[in-house]
Amino acid sequence: MTTIQDGVTVVDHPLVRHKLTLMREKDRSTKSFRQLLNEIGMLLCYEVTRDLPIEMIEIETPLTKSMQPIIAGKKMVFAPILRAGVGFLDGMLELVPAARVAHIGLYRDPDTLQAVEYYFKAPSDVADRMIVVMDPMLATANSAVAAIDRLKERGAKDLRFVCLLAAPEGIARLRAAHPDVLIWTAAIDECLNDHGYIVPGLGDAGDRMFGTR
């Protein structure tokens, strides 16, 4: 249950759509918002890892030896954009516990809407791994572009971007800056408002996650 167009995959599974609607409600509690984001992150992880390479290995079951599939090569890196991106992390690590984690700290300047970096830490071998960059909101895409720029500076070549909501403006900006980076999202909303927020959206995901709205 996905729609794929111009490098963007919209994961429109009924469970994803249902949980996203609950998250949009303005009176949703912080605890419930976090839990739903974690659950949707897990569901999105299924889709973003759908084409991972597989190799056959010999194992021994309780009955016999058998050739069975296993993920090939080095595992992944999950790279949440702080702070809201960490809301996806636990759910994805439940599915891929061997993945390594990079942390990219960016905040949006309220006047210019540009991304300002305050922290960056990534595994030394990011160039050899598939990296999933994650942020709940792809609005202006300034943070997404800045995060991917930094990872590419470290040699990263195989990157994917996962978000909860995307605005058409953010998709256009990210695709123009990094056409090699495919996007997975639960929904594409109507537009951005004058303050760079996605409409109808769900507000500031970070504020709602941490109860600071």
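In which loop does Pro200 lie? Pro200 lies in the loop between β14 (198–199) and α6, where helices (H or I, at least four residues) and strands (E, at least two) are DSSP runs numbered from the N terminus.

This is a predicted model, in which local features need pLDDT of at least 70 and side-chain atom pairs count only at pLDDT 80 or more, whereas totals for chains, interfaces and linings use all residues. Residues are numbered from 1 along each chain as its sequence is written, and side-chain values use heavy atoms, with hydrogens and water left out.

**View B. The aromatic pair of Tyr107 and Tyr118.** The structure holds 1 aromatic pair, a pair being two rings of Phe, Tyr or Trp (its six-membered ring) whose centres lie within 6.5 Å, with planes under 30 degrees apart counted as stacked, over 60 as edge-to-face and the rest as tilted. Tyr107 and Tyr118 form a tilted pair, at 6.4 Å centre to centre and with 35 degrees between the planes. The pair links distant parts of the chain, since Tyr107 belongs to strand β7 (residues 103–108) and Tyr118 to strand β8 (residues 115–121), 11 residues apart. Tyr107 is partly exposed at a relative accessible area of 44%, and Tyr118 is partly exposed at 47% (buried means under 20% relative accessible area, exposed over 50%, partly exposed in between, with a 1.4 Å probe and protein chains only).

**View C. Arg150 over the face of Phe120.** Arg150 lies 4.1 Å from the ring centre of Phe120, where a charge sits over a ring if NZ of Lys or CZ of Arg is within 6 Å of the ring centre and within 35 degrees of the ring normal.

View D. A search of the whole structure finds 0 disulfides, a disulfide being a pair of cysteine sulfur atoms within 2.5 Å.

**View E. The largest pocket and its lining.** The volume of the largest pocket is about 650 Å³, and its lining comprises 30 residues, of which Arg108, Asp135, Met137, Ser143 and Asp204 lie nearest its centre. On a 1 Å grid over the protein atoms alone, a pocket is an open set of points where a 1.4 Å probe fits, with protein on both sides within 12 Å along at least five of seven lines, and lining residues have an atom within 4 Å of a point. The elements that give two or more residues to this lining are β5 (77–82), β7, β10 (137–138), α4 (142–153) and α6 (205–210).

**View F. Ala141 and Ala99 in their loops.** Ala141, in the loop between β10 and α4, has a positive phi of about 75 degrees although it is not a glycine, and Ala141 counts as buried at 4% relative accessibility. Ala99 is found in the loop between α3 and β6 (100–101) and is buried, with a relative accessible area of 9%. From Ala99 to Pro123 the C-alpha to C-alpha distance is 11 Å, with the two residues 24 apart in sequence.

Technical notes: Points joined across faces, edges and corners; volume = space filled by probe spheres on them.
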